[in-house]
Amino acid sequence: MSRILVTGGLGFIGSHTVVELQSSGYNVVIIDNLSNSKIEVLDNIESITGKRPDYYNIDLKSKEKVQHFFQQQKIDGIIHFAASKAVGESVEQPLKYYENNITTLVYILQEMKKHQLTNFIFSSSCTVYGQADELPITEKAPIKPAESPYGNTKQIGEEIIKESCIADNLAAIALRYFNPIGAHNSAKIGELPLGVPQNLIPYVTQTAVGIRKELSVFGGDYPTQDGTAIRDYIHVVDLAKAHIAALERLLKNNNKTEFEVFNVGTGKGSSVLEVIQAFEKVSNTKLNYKIVERREGDITAAYADTNLANEELGWKAEKTIEEALASAWKWQMEQ
Ligand code: WQD
């Protein structure tokens, strides 16, 4: 069976993808430097799948260590999650983001070229679309100037990969994630935000258990049906499965061009107030929240047109936002 390298495989989306890979029969080797994850996740993956993935604590910023890894290991495909992802932090420390997200990408692609490896899946983001002119957003929507260094690393990352595909005989798929939420059904793996959560769902669940006093809803005056901003929240397990579909497309040479891009969302937009209502229903709690000023850099609405992924990858999000919120709540209660 194929052996797949998952960088950042102990992180939120990475760990769920490792579980789906193992469940589909793949052998997995993880590289993770624990910069935003915990080593216990390895045990938790093992307790879900019954199989411990190979694991290396390697910092991908070390070119020598990356070279050494690829000399030693036989790899059939790479799913590259390892990256920094805090939008606000990226504005304060842009160089950290270019080093963590771009330098490391270049090192990996160099090794792929050297060892004639071809199959590469990249974690991209719907953030590349900015506020799209048309909804739902198709892959043909123009890339807007990035709102943050983080967003810029995703745009530049896609370009680097595309150019390398053309020049170096690489085959790659970039998956543009909408808003991943939720946790594994077992509640053994989930999102582990460091410090005060920036994203909506961890803030909601932490407020509901009393770690945070009150949720601030950023903006009640957006031009939407209830005045709050709209996003496409996708269950992380559905998102993980999209990676398996993309990987299989490459392994079977079913890709139509050397570099392909797919939106990964549900196709359904939910406002912040709708999320709160759904959460209150599934958790049977009353959430303490207040509508405040808009958050700088936020857009009004984004949700995916998922037709391309449905048709080409044969993949579709299956879980509802209620299921995703219930799993996030179960995970929070376990913590
Ligand atoms: C969702 C909605 C907020 C927190 C960001 C990145 C994107 C991505 C996912 C990452 C918005 C509102 C939030 C709160 C709130 N990629 N909100 N109160 O901003 O859509 O996307 O995360 O790796 O690149 O930009 O996600 O979860 O922060 O916000 O009202 O305390 O919830 O304004 O409308 P966002 P989010």
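**Helices, loops and ligand**

Modeller: Helix α9 (residues 272-283) and helix α11 (residues 321-334) pack with their axes 9 Å apart and at an angle of about 60°. Helices (H or I, at least four residues) and strands (E, at least two) are DSSP runs, numbered from the N terminus, while axes are lines fitted to C-alpha atoms, for helices over the stretch in contact, with angles that run from 0 to 180 degrees between N-to-C directions. This is a predicted model, in which local features need pLDDT of at least 70 and side-chain atom pairs count only at pLDDT 80 or more, whereas totals for chains, interfaces and linings use all residues. Residues are numbered from 1 along each chain as its sequence is written, and side-chain values use heavy atoms, with hydrogens and water left out.

Colleague: Which word describes how α5 and α6 lie to each other?

Modeller: The axes of α5 and α6 come within 10 Å and cross at roughly 15°. Angles under 35 degrees count as roughly parallel, over 145 as roughly antiparallel, 65 to 115 as roughly perpendicular and the rest as oblique. The two helices, α5 and α6, are therefore roughly parallel.

Colleague: Is the crossing of α7 and α9 left-handed or right-handed?

Modeller: The axes of α7 and α9 cross at roughly 40° and come within 11 Å. A crossing is left-handed if the near helix is turned anticlockwise from the far one by less than a right angle, and right-handed if clockwise. The way α7 passes α9 is right-handed.

Colleague: What is the phi of Q116?

Modeller: Q116 has its place in the loop between α5 (94-114) and β5. Although Q116 is not a glycine, its phi is positive, at about 55°.

Colleague: Which element gives the most residues to the shell around the ligand?

Modeller: There are 20 residues around the ligand, where near means that a heavy atom of the residue lies within 4 Å. Both α7 (200-208) and β8 (215-218) supply at least two residues of this shell. The element that gives the most, with four residues, is β8.

Colleague: How far does a backbone N or O atom of S216 lie from a nitrogen atom of the ligand?

Modeller: A polar contact is a pair of N or O atoms within 3.5 Å. A backbone N or O atom of L200 lies 2.8 Å from an oxygen atom of the ligand, and a polar side-chain atom of S125 lies 3.4 Å from an oxygen atom of the ligand. For the backbone atom of S216 and the ligand nitrogen, the distance is 2.7 Å.

Definitions and conventions. Polar contact = N/O pair within 3.5 Å; in protein donor to acceptor, adjacent residues only side chain to side chain.
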